[in-house]
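Thanks for coming, everyone. I have one chain to walk through today. Please look at the screen.

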Amino acid sequence: MSRKTMITSLVAVVLVGGGIGGGFAVHQADVQAKQVAVEKKEAKIKADKKAEEVLVSKAKAALLKAQKEDSIVNVSEAQKAVNALKKGSKAQKDGLAEIDDIHGRIKIEVAAKNAVETFKKDALNSEKNKAAHTAVNKLTNQYSKSLKAALNKQISASEAQAKASTAQAKAKQEADAKAISDAQVQTDMANKEQQEANNQQNQAANNNTANGYSNSGYTNNTAGGGSTNNYTGNTQNPTTPPVNTPQTPQAPQTPQAPQSPQTPNNGNGPSHPQDGSIGSLDQNEEDAHNSSNNFPGGW
C-alpha cells in the first residue's frame, strides 16, 4: 500500500468514528430530557394530589364543625372549603351535597325551635302543643339529637306548668263555688230563723189577742154590756207631756163635820169611799162587775 493510500484510509476512519460518536451523544441527551420531563410531570401529579388531599381534609373538618354547630360562621367556612376543592371532583360533589343537607337541617331546627317557643307562650293550647311535638319529631339527623332532647325537655316543662295551672284554676273554681254555696246556705238559714221568729211573734200576738190583750193595751170586757177601759201601751212615738197651767189658789174651805161610817151594802153598792179619782172610778167599775157575778144570771 502506498503512503498516500494509507493516509486516505486513516482520514476516512477518523471521519466515520467521529460521526458515530456524535450521533450517540445527541440520542443520549434526548433520552435524558424526556426522562426529566416525565419525572417532573409525575412530581407535579404527586404534588397536586397531595395538595388536593390537604384541601379535602380541610373541607371535611369544616363540614364536621358545621354539622356539630350549624352556626352561620361555621357553615360559611365549610362552603369556602368545599369550593376550594378540585372542580367536578368527587370530594367537591360530596361536600356540596353535605352543605345542602346542613342548610335543610337548619330549616327544620329553626322550625322546631319556633314551634316550641310558641307553645311555651301558650302552654294551655292543645293545638300548639301538637305542633311543637310534630316539629321536634322531624329532627332525625344524628347531629340534631342534642337539640331534640333539649326541646323535648322544654315541652315537658311547659306541659307540667299547664297541668299545674289547670289544677289551680279548677281548685279556685271549686273553692269559689263552695264559698257561694256556703254563703247561700247561711243566707237561707238566716232567712229561715227570721221566718221562724216572725211566726213565733205572730203566734204570740194571736194568743194575746185571744186572751183579751192587744198591742194597743188591755181590754176588760164586762158581762152584760159593762164599761170597757183601754190602757194604751207604750208606742214608739212618745206622747207630748201635758202642760200644767198654774191654777188660781182657792179660798180655804170650811171644815166639814166627820161623816158617819157607811153601812155595808151587801154587794149592792161600792164599799169604799168615793173621792172622784181615776183609781176610785176603776175600783167602782170592778166592784160593780164583781157584784153582778154574785147574782145568778147577772144583772
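When I say contact, I mean heavy atoms within 4.5 Å. This is a predicted model: local features need pLDDT of at least 70, side-chain atom pairs count only at pLDDT 80 or more, and totals for chains, interfaces and linings use all residues. Residues are numbered from 1 along each chain as its sequence is written, and side-chain values use heavy atoms, with hydrogens and water left out.

Overall layout. The protein chain has six helices and three strands. Those are DSSP runs numbered from the N terminus: helices are H or I with at least four residues, strands E with at least two. In sequence order the pattern reads α-α-α-α-α-β-β-β-α. Of 299 residues, 15% count as buried. Buried means under 20% relative accessible area, exposed over 50%, partly exposed in between, with a 1.4 Å probe and protein chains only.

Now α3. This helix has 32 residues and spans 47 Å from first C-alpha to last, close to the 46 Å expected at 1.5 Å a residue. The expected span is 1.5 Å times one less than the number of residues.

Which residues does Glu 109 touch, not counting those up to four places away in sequence? Asp 70, Leu 139, Ser 144 and Leu 147. Glu 109 sits in helix α3. Its relative accessible area is 5%, so Glu 109 is buried. Its side chain meets that of Arg 105 in a salt bridge, 2.8 Å from N to O. A salt bridge here is a side-chain nitrogen of Lys or Arg within 4 Å of a carboxyl oxygen of Asp or Glu. Arg 105 is buried too.

Lys 90 is exposed, at 63%. Asp 94 is partly exposed, at 41%. The structure holds eight salt bridges.

Last, the packing. A nonpolar core is a set of buried Ala, Val, Leu, Ile, Met, Phe, Trp, Tyr and Cys residues joined through side-chain atoms within 4.5 Å. The largest core has 13 residues; Ala 112, Val 116, Ala 132, Val 136, Leu 151 and Ile 155 touch the most other members. Helices α3, α4 and α5 each supply at least two of its residues. Apart from it lies another core of 12 residues, including Val 56, Ala 81, Ile 99 and Ile 102. Beyond four places in sequence, Ala 132 contacts Ala 115, Val 116, Phe 119 and Ile 155.
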